[in-house]
Amino acid sequence: MPSVSRPVSLVRRLTNFGFIGLSILAALLVLAPLGAIFGYLVYKGIGSINLAFLTNTPRPVGEDGGGMANAIVGSVMILGMGSILGVPLGIGAGVYMAEFGHGRFVNLVRFTADVLNGIPSIVVGIAVYALVVLPQHHFSALSGGVALGIMMIPTIARTTEEMLLMVPNTIREAALGLGIPQWRATLQVTLRTASKGVITGAMLAFARVAGETAPLLFTAFGNQFWSLKPDQPIAALPIQIFAYAISPFDEWHRQAWAGALILIVLIVVAVAAVRVVTSRGSMANNA
Amino acid sequence: MGVGIEVKDLNAWFGKAQVLKEINIKVGANAVTAVIGPSGCGKSTFIRCLNRMHETIPEARLTGSVQVGDMDVYRPGIVPADVRRRIGMVFQKPNPFPTMSIYDNVSAGLRLNGYNKRRELDAAVEHSLRMAALWDEVKDVLKKKSGSSLSGGQQQRLCIARALAVQPELILMDEPCSALDPISTGKIEELIFQLKAQYTVVIVTHNMQQAARVADHTGFFLMGKLIEYDKTEKLFTAPTDKRTEDYITGRFG
């Protein structure tokens, strides 16, 4: 049959145009808050960021200068400890739920993870206060790490589970069929196949807890001075931002903006770095 | 070198449904044996019982004995992974590991069993890919391209190479061509024919012409039972059982 090319009707073209327009609008609306927040942070904060801000500890009111070096280092330490606790436990629980769990116990674990995900962060802070801070008799960086780590677990566990369930069973069979022991097949084939999504889940959890303030109030507590000791109170960016933002001093307000900008940059850099490092050697991109 | 198989009184279940009933069969070394039969007759389950893949499905169980070469596959205390290392398997749908390069796919069975000597791995990868007639097509992109970037037929030959790399004594193929076009199917059949010089091959197939083309012996399964097992030529030209005749002449299935 000879093909006759007919002009597409005006209604169809308009409808097409309209829907493409709407989806572009939706995409822009999603980007807008992030752009606005980041833009405003840069506008307010960039002026106060200088070498002193990044290398000095806070100065008393009235003295110029001073910075958040101790809070930046403190946040990095707390987040590091939190990740050391939360990432392996979260991934482990996810692997259990997706690969090894059967019956009631797995449902219990899944339910617990979902409930834990919904617990207000301040409650996690209080719980860690009771479990770690009271026995230790003082606030500590470690307890802050524990609080953030606990908050990371459910998100990571559930995303790990979902990502593993998306790996086709034929992949597991292929690995077992080669005589690879079960544990190795799970870790180096199934988990590796799902690694992209698992890492995204871990990064989401990391980014979420990086800005948490409430659980740190009862645990890391904050500190105006240099400290690198895990068993002592330590400064953290969110606490410092909070303290400075509610103060009546203009100089501290400016520093709070700068601290918030640094916090966001820290998260973006960490997420980007993990992406770059973990994408090496994986073939997922040019599949 | 290939090994023979001897199966005695094999019964297999999924939950309460019995899918294999009293299978007794002897398969010769260095030969291709085809297993044919209608869908759901238990032929896939049968070969999955030979390398202990059957039990990886929840609620699956079996009774009876399987002897592959000098190995009693179901001897208490034997490790299933050791059995599977000696018995390679190629599946219905090509299933290369998607996040691994071609090289990593072929060497996976060796690497994940603890072999790490670079030179030996290189040699094994090249040898296996040559055996699977894929070397010339992929030798320049071994580490650049992922297994899943290949075409369907190439992927299946990659999976065959991956199975060959661990140097099994027996190769099981579960409808290896059912997802492939005729040209790729032809290549794989030619490959199967060459493999029997060094390996024993058991192939499940839906395609009777394929069985006739590649197999020395053919077994016909129906409703979980081995109805007839004979030289391929004999089974297709002068079957002794009425049900075999009905099936191969296309009266059912």
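How many residues of chain A are in contact with how many residues of chain B? Hi everyone, let's start there: 21 residues of chain A are in contact with 25 of chain B, where contact puts two C-beta atoms, placed from the backbone, within 7 Å.

A quick word on the source. This is a predicted model, where local features need pLDDT of at least 70, side-chain atom pairs count only at pLDDT 80 or more, and totals for chains, interfaces and linings use all residues. Residues are numbered from 1 along each chain as its sequence is written, with chains lettered from A and ligands numbered from 1 in the order in which they are written.

Back to the interface. On the chain A side, α7 (169–177) and α8 (182–193) are the elements giving two or more residues, and α7(A) gives the most, with 6; helices here are DSSP runs of H or I, at least four residues, numbered from the N terminus.

Now a helix pair within chain A. The axes of α11 (237–245) and α12 (250–279) come within 8 Å and cross at roughly 155°, those axes being lines fitted to C-alpha atoms over the stretch in contact, with angles from 0 to 180 degrees between N-to-C directions. The two helices are therefore roughly antiparallel, a label for angles over 145 degrees. Their contact includes A:Tyr244 of α11(A) and A:Trp252 of α12(A).

Last stop: A:Val106, found in helix α4 (103–118) of chain A. Is A:Val106 buried, exposed or partly exposed? Partly exposed, because 15 other C-beta atoms lie within 10 Å; buried takes 20 or more, exposed 12 or fewer, and partly exposed is in between. Leaving aside neighbours within four places in sequence, A:Val106 is in contact with A:Met97 and A:Gly101. Thanks, everyone!

Note on methods:
Angles under 35 degrees count as roughly parallel, over 145 as roughly antiparallel, 65 to 115 as roughly perpendicular and the rest as oblique.
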